[in-house]
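Biologist: Please walk me through how to read the features of a model, one at a time.

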Amino acid sequence: MDEKNISAENSFEKKPKNFIYEIIEEDIKTNKWNGRVHTRFPPEPNGYLHIGHAASICLNYGIARDFNGKFNLRFDDTNPEKEEVEYVESIIEDVKWLGGDFEDRIFYASDYFEQMYNWAVELIKKGKAYVDDLNPDEIRKYRGTLTEPGKESPYRNRSVEENLDLFERMRKGEFKNGQKVLRAKIDMASPNINMRDPIMYRIVHAEHHRQGNKWCIYPTYDWAHGIEDSIEKITHSICTLEFENHRPLYDWFLNELGVYHPQQIEFARINLNYTVMSKRKLLKLVQEKFVDGWDDPRMPTVSALRRRGYTPEAIRNFTDNSGIAKRDKVSDISLLEFSIREDLNKSAQRAMAVLKPLKVVITNYPENKTEELEAVNNPEDSSMGTRKIPFSREVFIEQTDFMENPPKGFHRLIPGGEVRLRYAYIIKCEEVIKNKDGEVIELHCTFDPETKSGTGTSQKKVKGTIHWVSANHSISAEVRLYDRLFSVEEPDADKEKDFLELLNPNSLEIISNALIEPSLKDSKPGTRFQFERHGYFCVDTKFTTKEKLVFNRTVTLKDSWGNKTK
RNA sequence: UGCCGGGUCGUCUAAUGGUAGGACUACGCCCUUUGGAGGCGUCUGCAGAGGUUCGAAUCCUCUCCCGGCAGCCA
């Protein structure tokens, strides 16, 4: 091939998406893995997945898809005390929902325990691992500090035979938790603390969610993870930055074993402002009932985002736009919100809902008349068609759409002013009815029959168009409005205050008597709508009953007027 | 004062020795029967100092700042 052809071909190549794609493209060029690409997502089933995990799933699955490779789901279930079947099940559901297609490749690290044990025996025989009798406290002291080398355990130089015997007896259950560990024999003076004879096995007498009581010794992350990757013939083992210091150890184990050796690559995890991402803190919010579960719509978990009305597409776009790099980052929540607005604007059916109703009587409209008005289901997508909305003499509008003493620039209803009722007529406010406390409780208006929507006969122009529902036809629903869970940008960053003190007390507002148009009556849980001029809403899957629809607000519409008045 | 990794608009991310660009946000304007959507525009950035070079965000040196690591967690 001559140079011209090469450059012609190159001009069709897409620019690598990020530094990991660059590495993989280079590997393909040099045939490092015989052209194979095989990634994995290796969660520990000790909690629900959050948006950060979603980024990892999208990255790993996306790589497999883009390079015609494979993607595994693998549970890193090496710690029976923290792991549960509930978490396994939720993780499978979430990965699938996000579009991470692992086909039939769902694996469990615990299925490799026998192989891991045998390889540990091999290392003992090579003189590269030993059983240590030091207790946890002693081990910590012997490890040294960040600036001082550690010292060797007095048990470090046991004979191979003794180590073999002790290790076998560890497995048999002859010792108590913490009594003995198996350690790799590397270098107690290493500047990398992870290399100071790291622990490979600890004794844990606990029931494992898949293995039951078969094992009482469990491998540590460092020992187990490379083996899991190796067994599955992973090519690129992608993990987060905090494992960078562990890479020498990952490599050491695989080299000593002389087995298939994937490449570990680290990238910066995604953080989001106004929330927390650590599983420990999320668990605390759940356990101490600050939220109604892992899927409370205010949580940053995948199941919460789903319940709130996010689409997999929006989450994928968000993680794509957040980018993959090595510098620490805190992504702005507004980018997440942008991604769901962008998606739902194109796909969500429009509807009218009045959250805080104000009664309007149209005095010149016949008492018993009902009109069926035509409304567009989605102005962005005419294939979604139209629907009929009933209109009658009494309607409800939004309390905030009327002001007796409006500020400059207010386009809605004012005494003596006119406004269009969406898809209906232009009305004029003739009289304001108040209660004895001076609160506005009702408006008397007149309508102009010449201004019916869609007739094209109206010469009249008004600045504002507001939404409404017919008093006799609307149905009641519960609407839940969510705001950010925390009132500060980085709840983790404050060293003075516990993150629980920084919770936003107004993160949930429940409106129990909102009025919605009758076409929404039989909406199925999970269905998404745009309530015009309010935002996107989703029928809640947890609290909706046959008697009552409950809507979650996914995100507000952008509101340039509201911003101005703040 | 150990080791490892990072510093590009407010946020996120490109440019890999050759015009610092995009997205989000914010703010204007236009348009609009959703104050939505859409269109157009504006603001703001290479941590600092030297050096190499015709030319540096990019290469080198020093400084500063930030993050991770001392679980029998992952």
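Modeller: Take Glu-103 to begin with: its relative accessible area is 54%, so Glu-103 is exposed. This is a predicted model, and the values that follow are computed from it.

Biologist: Where does Glu-103 sit, and what is its phi?

Modeller: The general idea is that most residues other than glycine have a negative phi. Glu-103 lies in the loop between helix 4 and strand 3 (106-108). Its phi is near 50 degrees, a positive value in a residue that is not glycine.

Biologist: What about the phi of Asn-68?

Modeller: Asn-68 is not a glycine either, yet its phi is positive, at about 55 degrees. Asn-68 belongs to the loop between helix 3 and strand 2. With a relative accessibility of 76%, Asn-68 counts as exposed.

Biologist: How many salt bridges does the structure hold?

Modeller: A pair counts when a side-chain nitrogen of Lys or Arg is within 4 Å of a carboxyl oxygen of Asp or Glu. On that basis the structure holds 48 salt bridges. One of them joins the side chains of Asp-229 and Arg-74, at 2.7 Å from N to O. Asp-229 is in helix 8 (residues 221-231) and Arg-74 is in strand 2, 155 residues apart, and the pair links distant parts of the chain.

Biologist: Are Asp-229 and Arg-74 buried or exposed?

Modeller: The cut-off for buried is under 20% relative accessible area. Both Asp-229 and Arg-74 are buried.

Biologist: Which residue is the salt-bridge partner of Lys-434?

Modeller: The partner is Glu-404, at 2.9 Å, N to O. Lys-434 is in strand 17 (residues 426-434), whereas Glu-404 is in the loop between strand 15 (394-398) and strand 16 (418-421); they are 30 residues apart. Lys-434 has a relative accessibility of 38% and so counts as partly exposed. Glu-404, at 34%, also counts as partly exposed. Salt bridges can also share partners: Arg-40, Arg-74, Glu-228, Asp-229 and Glu-232 are joined into one network in this way.

Biologist: Which residues gather in a patch of negative charge on the surface?

Modeller: For a patch, residues must have over 30% relative accessible area and no salt bridge, and like charges are joined within 9 Å. The negative patch consists of Glu-288, Asp-494, Glu-496, Asp-498 and Glu-501. Glu-496 is in the loop between strand 21 (475-482) and strand 22 (508-516). The relative accessible area of Glu-496 is 74%, so Glu-496 is exposed.

Biologist: How should I read separation along the chain against distance in space?

Modeller: Take the two numbers for each pair side by side. Asn-321 and Ser-339 are 18 residues apart in sequence, and their C-alpha atoms are 9.0 Å apart. Asn-321 is in helix 12 and, at 48% relative accessibility, counts as partly exposed. Asp-522 and Lys-546 are 24 residues apart along the chain, with 9.0 Å between their C-alpha atoms. Asp-522 belongs to the loop between strand 22 and strand 23 (528-531) and is exposed, at 56%.

Biologist: How far apart are the C-alpha atoms of Val-160 and Phe-107?

Modeller: They are separated by 33 Å, while the residues are 53 apart along the chain. Val-160 is in helix 7 (residues 160-172), and its relative accessibility of 27% makes Val-160 partly exposed.

Conventions
Residues numbered from 1 in each chain as written. Chains lettered and ligands numbered in written order. Predicted model: local features only at pLDDT ≥ 70, side-chain atom pairs only at ≥ 80, totals over all residues. Heavy atoms only, no water. Patch = residues over 30% accessible without salt bridge, like charges linked within 9 Å, V, L, I, M, F, W, Y side chains within 5 Å. Areas by Shrake-Rupley, 256 points an atom, 1.4 Å probe, with all protein chains shown as cover. Lys, Arg positive; Asp, Glu negative; His and termini not counted. Charge placed at Lys NZ, Arg CZ, Asp CG, Glu CD. Helix = DSSP H or I, 4+ residues; strand = E, 2+ residues; numbered from the N terminus. Buried < 20%, exposed > 50% of the residue type's maximum accessible area, 1.4 Å probe, protein only.
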